[in-house]
Amino acid sequence: STLSALEAAAVIGKTFSIEELKCLLQTSEIDIDQSLATARTLGLVSASNSTLAFTHEILRSCLAHHAKDRTLPNRKKFADCLSVLRPYDYFSRGEQLHAAGQMEDAARLHFEGLYTRLRDGNLVPSNLRFRVFDLLASTNQNESAETIFRAYDLILTRQFSEVGRLFARCE
């Protein structure tokens with residue numbers, strides 16, 4: 001039904017894709033299109049390419065509140081969907097699990113996301129780094145947080161030493 005589809009979409013967020021909704025509801029794209037046709041006609045959601053969006057955040061928030069008994073299981077289920085749809089999007093999966101109250105799993109995924117960014121040589125914004133550390137500390141995984149700190153320092157040291165060598169060559 002349209003209401004079920006919108007409630008599920010509210011768990012995903014302000015914007016969502018047909019693929020995400022199809023995975024979460026475990027239904028066909030045809031069923032999703034039929035369910036959302038009414039919502040689009042009523043102006044509840046808008047579509048742009050393959051992305052749909054709620055036209056008002058208050059609508060999404062009310063739908064999520066209306067389905068509150070199904071919200072936590074749907075968040076867990078959506079995290080599982082993300083592992084298939086975007087397997088390397090550790091942070092989004094972690095946020096869904098955090099919202100579902102599965103703090104240790106959320107912290108683990110945030111740790112994996114941070115580790116992956118560091119391993120690939122990508123800088124990590126301070127707010128994200130502190131969020132991961134807070135999650136790890138809140139689940140008594142301080143050792144993992146310390147490991148990340150040490151790895152982060154080593155990676156930065158390596159990156160800056162390479163930059164120093166490049167500057168030396170330019171002189």
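Mentor: Let us begin with the cut-off for accessibility: a residue is called exposed when its relative accessible area is over 50%, buried when that area is under 20%, and partly exposed in between. Please keep in mind that the model is a predicted one.

Trainee: Why is Q26 called exposed?

Mentor: The relative accessibility of Q26 is 64%, and exposed requires a value over 50%, so Q26 counts as exposed. Q26 sits in the loop that lies between α2 (18-25) and α3 (29-41), and its phi is positive, near 50°, although Q26 is a residue other than glycine.

Trainee: What makes N49 exposed?

Mentor: N49 has a relative accessible area of 81%, which is to be set against the limit of over 50%, and N49 is therefore exposed. It belongs to the loop between β2 (45-48) and β3 (51-54), and N49 has a positive phi of about 55° without being a glycine.

Trainee: How do you know that C23 and C81 form a disulfide?

Mentor: The sulfur atoms of C23 and C81 are 2.3 Å apart, and the criterion asks for a pair of cysteine sulfur atoms within 2.5 Å, so the pair qualifies as a disulfide. The pair links distant parts of the chain, with C23 in helix α2 and C81 in helix α5, 58 residues apart. The angle about the S-S bond is -100°, and the link is left-handed. The structure holds one disulfide.

Trainee: What makes β1 and β3 a pair?

Mentor: Two strands pair if at least two bridges are found between them, and β1 and β3 are joined over three bridges in the antiparallel sense, so they count as a pair. S17 stands opposite T51 in β3.

Trainee: What is the order of the strands in the sheet?

Mentor: The open sheet has three strands in the order β1-β3-β2, with antiparallel pairing. Its edge strands are β1 (15-17) and β2, each of which pairs on one side only, and the twist averages 30° from one strand to the next. Across β1 and β3 lies α2, which runs at about 75° to β1.

Technical notes
Residues numbered from 1 in each chain as written. Predicted model: local features only at pLDDT ≥ 70, side-chain atom pairs only at ≥ 80, totals over all residues. Heavy atoms only, no water. Helix = DSSP H or I, 4+ residues; strand = E, 2+ residues; numbered from the N terminus. Buried < 20%, exposed > 50% of the residue type's maximum accessible area, 1.4 Å probe, protein only. Axes fitted to C-alpha atoms, helices over the stretch in contact; angles between N-to-C directions. Contact = heavy atoms within 4.5 Å.
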